[in-house]
Amino acid sequence: MNTNKKKKNGITIGTSLILVTFVLLCLVAFSVLSFASANADYTKSTQTAEHTKDYYAAVSIAETRIADLIESRETNPEALHFTVPINDTQNLSVTLQADATDDNEPVYTIIEYKTITTNNPQDTTTIREDGGLLF
């Protein structure tokens, strides 16, 4: 009897095909996860940029209103507190304090300058066409 039989190698073409398929599936899975992560980052950064733009627009209006109060030398406590809408759910609240000096000129101190979140999107201060505020 002929005992010389061909011995097969441990790795065949089928095993390498399975390995290549597994590597390809891993690459596809990681690329999908990378795309989803990049898309989420883009969406969040767009929202942050929009909020920042709205905030600084409200700050600009508030600073103009503060300048108008200083120029008019207003000392009425009700006029020294106002809010400026940032977006549908947030307002910028500003409170000033007028202190008299030796020559009776008011000196203004900013007591409050903060963002307030409202639960009601309709509860915002209206801005007139000339840039003034309606309370």
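View 1. Tyrosine 56 counts as exposed, at 52% relative accessibility (exposed is over 50% relative accessible area, buried under 20%, partly exposed in between, with a 1.4 Å probe and protein chains only). Tyrosine 55 has a relative accessible area of 22%, so that one is partly exposed. This is a predicted model, where local features need pLDDT of at least 70 and side-chain atom pairs count only at pLDDT 80 or more, while totals for chains, interfaces and linings use all residues. Residues are numbered from 1 along each chain as its sequence is written, and side-chain values use heavy atoms, with hydrogens and water left out.

How many aromatic pairs are there? The count comes to one (rings of Phe, Tyr and Trp, the last by its six-membered ring, pair if their centres lie within 6.5 Å; planes under 30 degrees apart are stacked, over 60 edge-to-face, the rest tilted). The ring centres of tyrosine 55 and tyrosine 56 are 5.2 Å apart with planes at 80°, so the pair is edge-to-face.

**View 2. Arginine 65 meets a ring.** Here the charged end of arginine 65 sits over the ring of phenylalanine 82, 5.6 Å from its centre. To sit over a ring, NZ of Lys or CZ of Arg has to be within 6 Å of the ring centre and within 35 degrees of the ring normal.

**View 3. A nonpolar patch on the surface.** Leu19, Phe22, Val23 and Leu27 make up this patch, and together they have about 420 Å² of accessible area (Shrake-Rupley method, 1.4 Å probe, with only the protein chains shown counting as cover for residues). Patch residues have over 30% relative accessible area and no salt bridge, with nonpolar side chains (Val, Leu, Ile, Met, Phe, Trp, Tyr) joined within 5 Å and like charges within 9 Å. A salt bridge is a side-chain nitrogen of Lys or Arg within 4 Å of a carboxyl oxygen of Asp or Glu. Leucine 19 belongs to helix H1 (residues 13-72) and, at 55% relative accessibility, counts as exposed. Helices (H or I, at least four residues) and strands (E, at least two) are DSSP runs, numbered from the N terminus.

View 4. Tyrosine 108 lies in strand S3 (residues 106-117). Is this residue buried or exposed? Tyrosine 108 is buried, with a relative accessible area of 16%. Leaving aside residues up to four places away in sequence, tyrosine 108 touches Leu69, Ile70, Arg73, Glu74, Leu80, Gln97 and Ala98 (contact means heavy atoms within 4.5 Å).
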